[in-house]
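Have a look at the fold before reading on.

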Amino acid sequence: MGGIVTWPELPPNLPLVEFGIALLIGELVGFERGRKKASEHADSLGGLRTFILFAEAGAISGWLSHELESAWPFAVGTLVIGALVITAYFFTSRTQEDSGLGMTTEIAAVVVYLAGRQHLPVAQVAQEVGHEQ
């Protein structure tokens, strides 16, 4: 019973630090957006957990794009996140009587998704997209 516990080896190309950075980016923005939402008692896109998911979705889709040498995973992820943000804005604007509804949270969601992919240089992304034509 007192044997040595061995952990399964993770793939060497798994960017855990980058996933951690994406988590922190989502957490910081989600915490701020959640506090603002709570102080205004407003319906909006999301809070802490939602923004963490957006950032991790960006990190995972970016990593998959890199590993598969294809821009498709990131492009599909961008379309899905965009559709979610547009749908959330549509429903929020229909439920709020205030005509001063802004788009700060929705734009922040897209930026957090894009920031989650921060571990790939822009030149490499452009090169990947250029090879798929």
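What covers the buried residues of α1? The cover includes α2 (48–68) and α4 (104–116). Helices here are DSSP runs of H or I with at least four residues, numbered from the N terminus, and buried means under 20% relative accessible area with a 1.4 Å probe, counting protein chains only. Keep in mind that this is a predicted model, where local features need pLDDT of at least 70, side-chain atom pairs count only at pLDDT 80 or more, and totals for chains, interfaces and linings use all residues. Residues are numbered from 1 along each chain as its sequence is written, and side-chain values use heavy atoms, with hydrogens and water left out.

The buried residues of α1 (16–40) are F19, A22, G26, G30 and R33. An α-helix has 3.6 residues a turn, so residues three or four places apart point the same way.

Of its 16 residues, L45, F51, F54, I81, V85, A109 and V112 touch the most other members. Two or more residues come from each of α1, α2, α3 (72–95) and α4, with α2 giving the most, 5 residues. Leaving aside residues up to four places away in sequence, A109 touches L45, F51, F54 and V85; contact means heavy atoms within 4.5 Å.

Finally, the outside: W72 lies in α3 and counts as exposed (over 50%) because its relative accessibility is 58%.

Terms used. The expected span of a helix is 1.5 Å times one less than its number of residues. A nonpolar core is a set of buried Ala, Val, Leu, Ile, Met, Phe, Trp, Tyr and Cys residues joined through side-chain atoms within 4.5 Å.
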